[in-house]
Amino acid sequence: MNSPLHTPLCDKLGIEYPVVAFTHCKDVAVAVINSGGFAVLGEALHTPDEIAADIKWIRERIGGKPFGIDLVLPSSVPAEKSVAELLAMIPQEQRDFEQHIKQKYNVPDPKIAPNIHVWGGLDQKRAMDQLEVVFDERVPVFASGLGSPAFLLKRAHELGIQVWGLVGKPRQAKRQIEAGTDVIIAQGFDAAGHTGNIGTFSIVPQVVDAARGTGVPVIAAGGVTTGRHLAAALALGADGVWTGSLWLTSRESDLNMPLKERLLEAETEDTMYSDCISGYTMRTTRSPWHDEWMSDAAPEVLKPPLQMILSSNYIQGSLDYQRKDLMTEAAGQGIHYIKEMKPARQILSDIVEEALDVFDRFAG
Amino acid sequence: MSSTASLGDAPLGQAPFRSGFDAALTGLEAECDGGGPLEGTHFAGRQYFTGRLTGHYRDFGPYPWRWYLLDSLTRKPDGFTHDSVWCDGESLYPVSDPAKSIEQYCKTE
């Protein structure tokens, strides 16, 4: 009898287990790939040269196995903005509130100030420059973590590159499937970062229905941290799971140790869907910054990227001086189940075994 | 490519684009499932808009990657101070028929 974990996604990628690790850490990606899973490296923040170097580094360690690169494609850009205009737009009230938080919690200044002078108006250019590396290197899988990849499908397919799209609404899935996207990642509200507002249990079967008969595999994302989640995702009709928070505290992860400890201590209620970090709503772990901006005394949260300009010094200061009490990171609601720092290989093995136990229980 | 398109003047640091205008789109009410990367971080965020297309568009790169200008915004994120927003064409949904693509309303290619 075939393994219940062997799905069309496994055949499409030539992998053993239908578990996709989304990570910003090369070591995690390599460990997961070499353990039978699949990994997508998030490179949205990197320059084209850095992306090319990372691709080379990974290829040297995985012996021809496939891997993916994730970029963030913008899908909306304000009509005009400049850095000087943005800085001038931060009201004194919000500046004063930032200083209040800094003094109340003794937030240190960052060792090197975040470089805000490269911000603003670069959205399409940055994405296009990064995409050229993906094309030049013929990366096996390109994943668009936000925004539709429809415009690049023809060129990618001519180069033999699979294109994956991450969606937060069923209509986005239908549009991308019609355009020819190879794999759809259905991301629920439980997820870290920029989630939609539909829960994982609701969006996954809707996207599966949209993909029915097309041969397009669907991957479930949002709150997936255990083998029970994997089994449930497959029961909903998904062909695999997309996991992110799961790997943040792995041995291989390059997050600093106090932040790993903070994440291991975090509970589901500690992940907050808030716009106080960036001005965009996103799920991050609770911190004094969140508490203050949710208090009655807080002024109005600013629009992107003004709020990020305010929060960036706080975040960088907490990391530079390893202030666990101040730290925050994007993490999903499944964080409750992440309690140990384990090697990536063991994390994957534990998920697989637990999922198989679930299927055995139902079969027997 | 549109016959009305012309080379646009890209601000410093931005990708060059070709500008165009399609009168068939002017006034069409649309929703944008928008968002983008957060500068200086590895995070990204979603933003949702509703407004009316002006008919102006921009084509980036050889693909091309087409963007439309959405104006007269009736829905935008809290604190979003701009009156208009450029939206990726594939992320736009006509309010009257979200199953249709914007391209299906275009007179130009």
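This is a predicted model: local features need pLDDT of at least 70, side-chain atom pairs count only at pLDDT 80 or more; totals for chains, interfaces and linings use all residues.
I started with burial in chain B: of its 109 residues, 44% count as buried (20 or more other C-beta atoms within 10 Å of a residue's own, with C-beta atoms placed from the backbone). Residues are numbered from 1 along each chain as its sequence is written, and chains are lettered from A in the order in which they are written.

Next, I looked up the make-up of chain B. I found seven strands and zero helices, where helices are DSSP runs of H or I with at least four residues and strands are runs of E with at least two, numbered from the N terminus. I then checked its contacts (C-beta atoms, placed from the backbone, within 7 Å). Among those in chain B with a separation of 6 or more, 48% join residues 24 or more positions apart.

Then I went to the interface. I see 53 residues of chain A in contact with 39 residues of chain B. On the chain A side, β4 (76-78), α6 (123-136), β5 (141-146), α8 (170-179) and α13 (306-320) each give two or more residues. That side has 25 nonpolar, 20 polar and eight charged residues; Ala, Val, Leu, Ile, Met, Phe, Trp, Tyr, Cys and Pro count as nonpolar, Asp, Glu, Lys and Arg as charged, and the others, Gly among them, as polar.

I was pleased to find strands pairing across the chains (DSSP must find at least two bridges between them). β4(A) and β6(B), residues 85-88, are antiparallel over three bridges, and A:S76 stands opposite B:C87.

Now for β2(A), residues 38-42. I note that five of its five residues are buried, so the strand is largely enclosed by the rest of the structure. A:F38, A:V40 and A:G42 point one way, A:A39 and A:L41 the other. β1(A) runs parallel to β2(A) over four bridges, with A:F22 partnered by A:V40.

Last, I checked α10(A), residues 227-235, whose buried residues include A:H229 and A:L230. Just after this helix, A:G237 takes a positive phi of about 105 degrees.

Methods: A residue is buried if 20 or more other C-beta atoms lie within 10 Å of its own, exposed if 12 or fewer, and partly exposed in between; C-beta atoms are placed from the backbone. Two residues are in contact if their C-beta atoms, placed from the backbone, lie within 7 Å.
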